[in-house]
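Subject: Structure handover

Hello,

Here is the structure we talked about, with the sequence alongside. My notes follow below it; please read them with the structure open.

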Amino acid sequence: LEIDGKGGAAFENTILEKVERIKGVEAVAPVINRPSRLTIGEDRALRIQLLGIDPERDPKGRDYSIVEGRQVEKGEELVFDKAFAEFLGLRVGDTAKVNAKKTFTVVGLFQKNAGMDLGLASMAFMPLETAQTTLMGRSTVVSRNAIDMIQVVTAKNVDPEKIRPAI
């Protein structure tokens, strides 16, 4: 399940704790999801989806493994889909600019664990707190703790549709 703001607007992440307490919810992960401009070197620019994630919570809601380097922790760090990074010629330790402003360091590469999910192909992760200050425009921010969505994982024996009304 995913919870997003009305009309796609950002919302307070205080909702996260309320959802976490609902019976049958196994895990929740806050996310900021924004299309962004990535610049590699002096002049190679492209659009990608950047996700601000909580590195402790995110792996519980998304099925991937870090295959090189490490997960993002804090500050200006990025983790890329391994195949996408190879296509771009990026390796752990390389740098890239986000939205032509801040320079970020590639600290890791991830790979989807099961099946093929093309939605992860042109995507990178950054720490949630960094995304809140780097990707969210002042006009759309509810507060410095705003998020775009919450990913909800239900317990194995719980039908997600039965939890939806409680959310």
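Leaving aside neighbours within four places in sequence, Gln71 is in contact (heavy atoms within 4.5 Å) with Ile53, Pro55, Pro59, Tyr64, Ile66, Glu77, Val79, Val107 and Phe125. This is a predicted model, in which local features need pLDDT of at least 70 and side-chain atom pairs count only at pLDDT 80 or more, while totals for chains, interfaces and linings use all residues. Residues are numbered from 1 along each chain as its sequence is written, and side-chain values use heavy atoms, with hydrogens and water left out.

Gln71 sits in the loop between strand S5 (64-69) and strand S6 (77-81); strands here are DSSP runs of E, at least two residues long, numbered from the N terminus. Gln71 has a relative accessible area of 14% and is therefore buried (buried is under 20% relative accessible area, exposed over 50%, partly exposed in between, with a 1.4 Å probe and protein chains only). The side chain of Gln71 makes a polar contact of 2.9 Å with that of Tyr64. For that term, a pair of N or O atoms must lie within 3.5 Å; within protein, one must be able to donate a hydrogen and the other to accept it, and residues adjacent in sequence count only if both atoms are side-chain atoms.

Salt bridges

The whole structure has ten salt bridges, each a side-chain nitrogen of Lys or Arg within 4 Å of a carboxyl oxygen of Asp or Glu. Glu77 pairs with Arg70, with the closest N and O atoms 2.5 Å apart. Glu77 is buried at 11% relative accessibility, whereas Arg70 is partly exposed at 31%.

Another salt bridge links Lys102 and Glu76, where the closest N and O atoms are 3.6 Å apart. Lys102 belongs to strand S8 (residues 102-112) and Glu76 to the loop between S5 and S6, so this pair ties together parts that are 26 residues apart in sequence. Both partners are partly exposed: Lys102 has a relative accessible area of 32% and Glu76 one of 34%.

Arg164 and Glu161 also form a salt bridge, at 2.9 Å between the closest N and O atoms.

Strand S6

How many residues of S6 are buried? Five of its five are, and the strand is mostly covered. S6 runs parallel to S8, with five bridges joining them; strands count as paired if DSSP finds at least two bridges between them. Within this pairing, Glu77 has Thr105 in S8 as its bridge partner. S6 also runs antiparallel to strand S9 (residues 123-127), joined to S9 by two bridges, and Phe80 stands opposite Ala124 in S9.

Nonpolar cores

A nonpolar core is a set of buried Ala, Val, Leu, Ile, Met, Phe, Trp, Tyr and Cys residues joined through side-chain atoms within 4.5 Å. The largest one has 36 residues, of which Leu38 and Phe80 touch the most other members. Strand S3 (residues 25-40) supplies the largest share of this core, five residues. Apart from it lies another core of eleven residues, including Tyr64, Val72, Met123 and Phe125.

Leaving aside neighbours within four places in sequence, the contacts of Leu38 include Leu46, Ile48, Leu78, Phe80 and Leu88.

Regards

Definitions and conventions
Helices (H or I, at least four residues) and strands (E, at least two) are DSSP runs, numbered from the N terminus.
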